[in-house]
Amino acid sequence: MGVEALFEPRSIAVIGASEKPGKIGYAIMKNLIEYGYEGKIYAVNVKGVEIKIGNRVFKSYKSILDVPDEVDMAVIVVPAKFVPQVVDECGKKGVKVLPIITSGFGELGEEGKKVEEQIVETAHKYGMRILGPNIFGVVYTPNKINATFGPTDVMPGSLALISQSGALGIALMGWTILEKVGLSAVVSIGNKSDIDDADLLEYFKKDDNTKAILIYMEGVTDGRKFMETAKEVSKKKPIITIKAGRSERGAKAAASHTGSLAGADKIYDAAFKQSGVLRALTIGEAFDWARTLGNLPEPEGENVVILTNGGGIGVMATDAAEEEGLHLYDNLEELKVFANYMPPFGSYKNPVDLTGMAGAESYEGAIKAALEHPEMHSIAVLYCQTAVLDPRDLAKVVIREYNESGRKKPLVVAIVGGIEAKEAIDILNEKGIPAYPEPERAIKALSALYRWSRWKNKQKSE
């Protein structure tokens, strides 16, 4: 109960809204307005000042109790000492959920932890839920909600991002904009005094706008609850975690950072494997996997075909495929179809080498043939930038062929080259086709999709 109001509020109040640019209470108001939230926005400021943002002027109410209408969500940005009183007033007002931005609670030690427990108790008495404290806010792109003090221009998409770290979470939001990763939601959970990872997983499991979930985690409070929930959600949608605190020293740092128990790393590792959660070791790896898991269909079989214009990147991709346990399709009789799209000195053995002479027509024909062939289950399109074909033209070919095929098979792309290559990669990623600057990254991302799919199918058969 109550978690829905984080993503589907009809009205939002900012308690501690500020008229001064540079203040968090100003940034949250500004982000809500600029991101296009269509519900009602109320400013609450104890001084009752007028708040001007762009061409909009908000009168501010001295207390949430003075707001004339119902309020579903109240974002709290007041200093820690005022939070207990504000939570009580929100309860009386009938608010459903409270993202508490304010820090200075459980992460400071015992005293702060007691106050944290007290505000959760108050909230529950009124049937309210608390997100945080010690967070940067929440984003839900389908409803144009950006109640954070992070970047404004989050790209809508199908990946939900949950972060226990505030600063890193804001940085990751910025990173997704740069890297063209579309997000359905961003949730900062901070101290997890009430709403935790498992509660959010439950919501995203049912959310049609979310296809995959990525969690940056330092520790969990209730390990059993997390595992049981994650296992159920993984049967429907993939979950990727970056679990920090792998080393003993890192675990201690995590404990002092958000007041969470980091726990022995081997236990987490085993728990993730049992629950079907994919564990990434770096941010880059996590987002690489998220592109395939959030955008591509599950493979219908094990056969992978690599199409390339360069022997070198073809061999690198083949090495990566073998290391990752992917099966390269090797029926030469069927692979002969690719001979139609290459000069006589090309090779239709998998990896299929279309040669450096391959232009748009060669790639177009080969991609179409692979997408249509019933025994070719997944495709990796590789390209080394040459003067023969502009990578951006290749991107257009891939988008057209993939869309015309109905996107029924997983397809990943790697384009190695300069500025035009980067532009082509961005074009593909914006269209939901996972594209990378290195062949190994494309193969490893495809492998993540296979690992999740195999785990899921194993659960069905058990």
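For the charge count used here, Lys and Arg are taken as positive and Asp and Glu as negative, while His and the chain ends are left out; each charge is placed at NZ of Lys, CZ of Arg, CG of Asp or CD of Glu. On that basis the protein carries 56 positive and 62 negative side chains, and the centres of the two sets lie 5 Å apart. This is a predicted model, in which local features need pLDDT of at least 70 and side-chain atom pairs count only at pLDDT 80 or more, whereas totals for chains, interfaces and linings use all residues. Residues are numbered from 1 along each chain as its sequence is written, and side-chain values use heavy atoms, with hydrogens and water left out.

**Overall form**

- The protein contains 16 helices and 20 strands, where helices (H or I, at least four residues) and strands (E, at least two) are DSSP runs numbered from the N terminus.
- The radius of gyration, taken over C-alpha atoms, can be set against a globule rule of 2.2 Å times the number of residues to the power 0.38; for 462 residues a compact globule would have a value near 23 Å, and the 25 Å of the protein agrees with this.
- Along the principal axes, the C-alpha atoms fill a box of roughly 80 × 50 × 35 Å.
- Buried residues make up 56% of the 462 residues, with buried meaning under 20% relative accessible area, exposed over 50%, and partly exposed in between (1.4 Å probe, protein chains only).
- The protein exposes about 19,300 Å², of which carbon and sulfur atoms supply 53%; accessible areas come from the Shrake-Rupley method with a 1.4 Å probe, and for residues only the protein chains shown count as cover.
- Among contacts (heavy atoms within 4.5 Å), those between residues 24 or more positions apart account for 75% of the contacts with a separation of 6 or more.

**Nonpolar cores**

- A nonpolar core is a set of buried Ala, Val, Leu, Ile, Met, Phe, Trp, Tyr and Cys residues joined through side-chain atoms within 4.5 Å; the largest one holds 80 residues, of which Phe 338 and Leu 411 touch the most other members.
- Helix H16 (residues 439-461) supplies the largest share of this core, with 8 residues.
- A second, separate core of 50 residues includes Tyr 37, Phe 58, Ile 189 and Leu 201.
- When residues up to four places away in sequence are not counted, Phe 338 touches Val 305, Leu 307, Tyr 348, Val 352, Ala 366, Ala 369, Ala 370 and Met 376.

**Helix H3 and its cover**

- In helix H3 (residues 83-93), the buried residues are Val 83, Val 86, Val 87, Glu 89, Cys 90 and Gly 91.
- An α-helix has 3.6 residues a turn, so residues three or four places apart point the same way.
- The cover over the buried residues of H3 includes strand S1 (11-15), strand S5 (73-76), strand S6 (97-99) and helix H4 (110-125).
- Just after H3, Gly 94 takes a positive phi of about 90 degrees.

**The loop between H12 and S17**

- Pro 343 is placed in the loop between helix H12 (332-335) and strand S17 (352-353), and it counts as buried because its relative accessibility is 18%.
- Leaving aside residues up to four places away in sequence, Pro 343 touches Leu 354, Thr 355 and Met 357.
- Pro 344 also has its place between H12 and S17, but counts as exposed because its relative accessibility is 87%.
- Pro 344 and Thr 355 are 11 residues apart in sequence, and their C-alpha atoms are 9.9 Å apart in space.
- Lys 349 lies in the loop between H12 and S17 and is exposed, with a relative accessible area of 54%.
- The peptide bond from Asn 350 to Pro 351 is cis, with omega near 10 degrees, and Pro 351 lies in the loop between H12 and S17.

- A cis peptide bond with omega of about -5 degrees joins Gly 132 and Pro 133, and Pro 133 is placed in the loop between strand S7 (129-131) and strand S8 (137-140).
- Asn 134 lies in the loop between S7 and S8, and its phi is near 75 degrees, a positive value in a residue other than glycine.
- Lys 144, in the loop between S8 and strand S9 (145-148), has a phi near 55 degrees, a positive value in a residue other than glycine, and is partly exposed, with a relative accessible area of 35%.
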